[in-house]
Amino acid sequence: MPTTTDRRPRRGLPVGAAAAALAGWLGVTALTALAVQPETVVALGNPAALAAADDGALVSAGRAYLVIRPAAPGAVRRLYAGGAWLVLPAPGTGCLGAR
């Protein structure tokens, strides 16, 4: 008969470790966008302000994001200067990665 002093081993990944892994992945991906000029980027922030920051080709936009093909090198830095919270390389260029 188990008592209150008996402890069961915890199963699964602790929430803190999962949050740290997600934050680390986002950080590495954001740094990659700065180091490598991606063909298409997703910028989180005010879409109107972000569109004014870079005059690249607009792929998609929503209430708090903008997907853009940068016009020239340095677009990631321009997007951050224009108010982006986070800029990440986009995995595809539009719906389901179709070109």
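Student: Which residues form a nonpolar patch on the surface?

Tutor: Happy to start there, keeping in mind that this is a predicted model. The patch has about 330 Å² of accessible area together. Its members are Leu44, Tyr65 and Trp85.

Student: Is Tyr65 buried or partly exposed, and at what relative accessibility?

Tutor: Tyr65 is found in strand β3, which covers residues 65–69. Buried means under 20% relative accessible area and exposed means over 50%, with partly exposed in between. Tyr65 therefore counts as partly exposed, at a relative accessibility of 31%.

Student: How many salt bridges does a search of the whole structure find?

Tutor: A pair to look at is Asp54 with Arg78, where the closest N and O atoms are 2.6 Å apart. The cut-off for such a pair is 4 Å between a side-chain nitrogen of Lys or Arg and a carboxyl oxygen of Asp or Glu. The search of the whole structure gives a count of 1 salt bridge.

Student: How many residues apart in sequence are the parts that Asp54 and Arg78 tie together?

Tutor: Good thing to ask about the salt bridge between Asp54 and Arg78. Asp54 lies in the loop between α2 and β2 (57–61), while Arg78 belongs to helix α3 (residues 75–81), so the pair ties together parts whose separation in sequence is 24 residues.

Student: How far apart in space are Ala51 and Val67, C-alpha to C-alpha?

Tutor: Ala51 sits in helix α2, which spans residues 47–53. With a relative accessible area of 39%, Ala51 is partly exposed. Ala51 and Val67 are 16 residues apart in sequence, and their C-alpha to C-alpha distance is 9.5 Å.

Student: In what order do the elements of the chain run from the N terminus on?

Tutor: Let's step back to the whole chain. The chain has 3 helices and 4 strands. Read from the N terminus on, their order is α-β-α-β-β-α-β.

Student: What share of the accessible surface of the chain belongs to carbon and sulfur atoms?

Tutor: Of the 99 residues of the chain, 26% count as buried. The accessible surface of the chain comes to about 7000 Å², and the share belonging to carbon and sulfur atoms is 63%.

Definitions and conventions. Residues are numbered from 1 along each chain as its sequence is written. This is a predicted model: local features need pLDDT of at least 70, side-chain atom pairs count only at pLDDT 80 or more; totals for chains, interfaces and linings use all residues. Side-chain values use heavy atoms; hydrogens and water are left out. Helices (H or I, at least four residues) and strands (E, at least two) are DSSP runs, numbered from the N terminus. Buried means under 20% relative accessible area, exposed over 50%, partly exposed in between (1.4 Å probe, protein chains only). Patches are made of residues with over 30% relative accessible area and no salt bridge: like charges are joined within 9 Å, nonpolar side chains (Val, Leu, Ile, Met, Phe, Trp, Tyr) within 5 Å. Accessible areas come from the Shrake-Rupley method with a 1.4 Å probe; for residues, only the protein chains shown count as cover.
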